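Subject: Structure handover

Dear colleague,

Here is the structure I said I would pass on. My notes on what was found in it follow below.

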Amino acid sequence: MTNDKIFKMTFSSIYPMYVQKIERKERDINDLNKVIYWLTGYDKDSMQQQIDQETTLKDFFDNAPHMNENAKLIKGVICGVRVEEIEDPLMQKIRYMDKLVDEVAKGKKMENILRK
């Protein structure tokens, strides 16, 4: 899948897949939301608005209230690629979110996920 195709995907199409992954691993959906809020600065209402408006991933990240400055501490492999080596800033943000979701699904401690 090309970057452009990914960028045009809607957050509302991705979010239910994250929820399914979290529920399949018997994790708490509140933890899923917490990591998304932490990464992007969205809160419950503003994230729901992005879902309702069917915002693209590009616009979701472009309009994020505040990308967490500690996001650069997110390291590891997602989809066979090291997130810290991704050159495209938007793709890196998307993969940061994917990595955080994976860490929640794996049951990693929240304080470690949030890079405290």
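I start with Leu39. Leaving aside neighbours within four places in sequence, Leu39 is in contact with Phe61, His66, Met67, Asn68, Ala71, Ile74, Lys93, Tyr96, Met97 and Leu100 (contact means heavy atoms within 4.5 Å).

Please keep in mind that this is a predicted model, in which local features need pLDDT of at least 70 and side-chain atom pairs count only at pLDDT 80 or more, while totals for chains, interfaces and linings use all residues. Residues are numbered from 1 along each chain as its sequence is written, and side-chain values use heavy atoms, with hydrogens and water left out.

The core

Leu39 is also one of the residues with the most contacts inside the largest nonpolar core, together with Phe11, Ile36 and Met97; this core has 37 residues. A nonpolar core here is a set of buried Ala, Val, Leu, Ile, Met, Phe, Trp, Tyr and Cys residues joined through side-chain atoms within 4.5 Å. Buried means under 20% relative accessible area, exposed over 50%, and partly exposed in between, with a 1.4 Å probe and protein chains only. Two or more core residues come from each of helix 1 (3-8), helix 2 (11-24), helix 3 (29-40), helix 4 (44-52), helix 5 (57-62), helix 6 (89-105) and helix 7 (110-113). Helix 6 gives the largest share, nine residues. Helices are DSSP runs of H or I with at least four residues, numbered from the N terminus.

Aromatic pairs

There are four aromatic pairs in the whole structure. Rings of Phe, Tyr and Trp (its six-membered ring) pair if their centres lie within 6.5 Å; planes under 30 degrees apart count as stacked, over 60 as edge-to-face and the rest as tilted. Phe11 and Tyr15 make a tilted pair, 5.6 Å centre to centre with 40° between the planes. Both lie in helix 2, four residues apart, about one turn of the helix. Phe11 is buried at 0% relative accessible area, and Tyr15 is buried at 12%.

Tyr42 and Phe60 are stacked, because their ring centres are 4.6 Å apart and their planes are at 25°. Tyr42 is in the loop between helix 3 and helix 4 and Phe60 is in helix 5, so this pair ties together parts 18 residues apart in sequence. Tyr42 has a relative accessible area of 4% and is buried; Phe60, at 0%, is buried too. Phe11, Tyr15, Tyr42, Phe60 and Phe61 form one aromatic cluster.

Asn33, in helix 3, touches Tyr15 and Met47, not counting residues up to four places away in sequence. Asn33 is buried at 12% relative accessible area.

The largest pocket

Which residues lie nearest the centre of the largest pocket? They are Ile14, Met17, Tyr18, Arg95 and Asp98, out of 15 lining residues. A pocket is an open set of points on a 1 Å grid over the protein atoms alone, where a 1.4 Å probe fits, with protein on both sides within 12 Å along at least five of seven lines; lining residues have an atom within 4 Å of a point. Helix 2 and helix 6 each give two or more residues to the lining, and helix 6 has the largest share, five residues.

Asp98 lies in helix 6 and is buried at 13% relative accessibility.

Regards
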